[in-house]
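I opened the model today to look up a few things. My notes are below, in the order I checked them.

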Amino acid sequence: MWFANCKTSHLSMEGVFAGLKEQKLTADGSASDAVHIARLLQDYLHSLVTQGIINDQLAKVVTQKCLDGPDFIVRRIPVYTNDAYTLLLEMKHFIDLPDVDFTKLAGHAQMLHGKSSRIGAEHMRLACTGLIQACAEKDRSKISRVLTWTETEFDKTWNALESIAQGLEYYMLMFLQSGFTWIL
């Protein structure tokens with residue numbers, strides 16, 4: 001698959017986890033451990049915003065208490081990545097058909113654009129904008145190029161979002177079950 005071996009550049013959650021292991025943080029944790037983990041997650045989110053992979057909106061949602069609980073974004077990430085993956089596969093199929101239905105392609109690109117905007121996947125939102133424009137031009141080769149670019153951005157976004165989810169799950173497991181509160 002085209003997304004199989006992607007890694008998010010710069011600061012990654014692998015680096016965060018390595019830092020946690022070096023610090024020898026334990027599940028019983030302390031208040032300073034909670035603050036340390038919160039800072040690591042904030043640094044990672046800031047790195048993703050700086051790279052443009054996510055936008056400030058997603059970073060704020062992750063770092064604020066949600067009415068739906070701190071696991072809200074953890075639950076939303078797989079929904080987004082599964083939907084985006086399915087839409088991309090369908091668009092790849094559509095572009096390979098002998099008679100391309102540009103309207104159907106544009107509809108899928110618009111759906112993916114909306115989903116990406118709602119979750120704060122900035123690179124995906126930008127790639128989808130290019131895809132929508134290429135569909136409007138009904139240029140099969142341009143759509144193929146932009147679709148390849150969109151797939152590349154999805155790889156980066158998927159890795160980044162999965163890393164966010166893993167970091168938040170680790171944080172919640174370590175501290176919420178130990179009686180600490182959400183301090184991001």
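Predicted model: local features only at pLDDT ≥ 70, side-chain atom pairs only at ≥ 80, totals over all residues.

I started with K115, which is partly exposed, since its relative accessible area is 24%. I find K115 in helix α5, residues 102–119.

Next I asked what K115 touches, leaving aside neighbours within four places in sequence. The contacts are Y80, D83 and L87. I also checked D83 by C-alpha: D83 and K115 are 8.3 Å apart in space and 32 residues apart in sequence.

**Aromatic pairs**

How many aromatic pairs does the structure hold? I got two.

For Y85 and W158, I have ring centres 6.0 Å apart and planes at 70°, so I noted the pair as edge-to-face. Y85 sits in helix α4 (residues 72–96) and W158 in helix α7 (residues 140–176), so this pair ties together parts 73 residues apart in sequence. Y85 counts as buried because its relative accessibility is 17%, and the cut-off for buried is under 20%.

For F154 and W158, the centres are 5.1 Å apart and the planes at 55°, so I put this pair down as tilted. These two are four residues apart in helix α7, so about one helical turn separates them. F154 is at 0% relative accessibility, so I count F154 as buried. Y85, F154 and W158 form one aromatic cluster.

**Helix α6**

I checked the length of α6, residues 122–137. At 1.5 Å a residue, its 16 residues should span 22 Å, and the end C-alpha atoms are 23 Å apart, so that agrees. Buried residues in α6 include H123, M124, L131 and C135. After α6 comes K138, with a positive phi near 55°.

Methods
Residues numbered from 1 in each chain as written. Heavy atoms only, no water. Buried < 20%, exposed > 50% of the residue type's maximum accessible area, 1.4 Å probe, protein only. Contact = heavy atoms within 4.5 Å. Expected span 1.5 Å × (residues − 1). Phe/Tyr/Trp six-rings, centres within 6.5 Å; stacked < 30°, edge-to-face > 60°.
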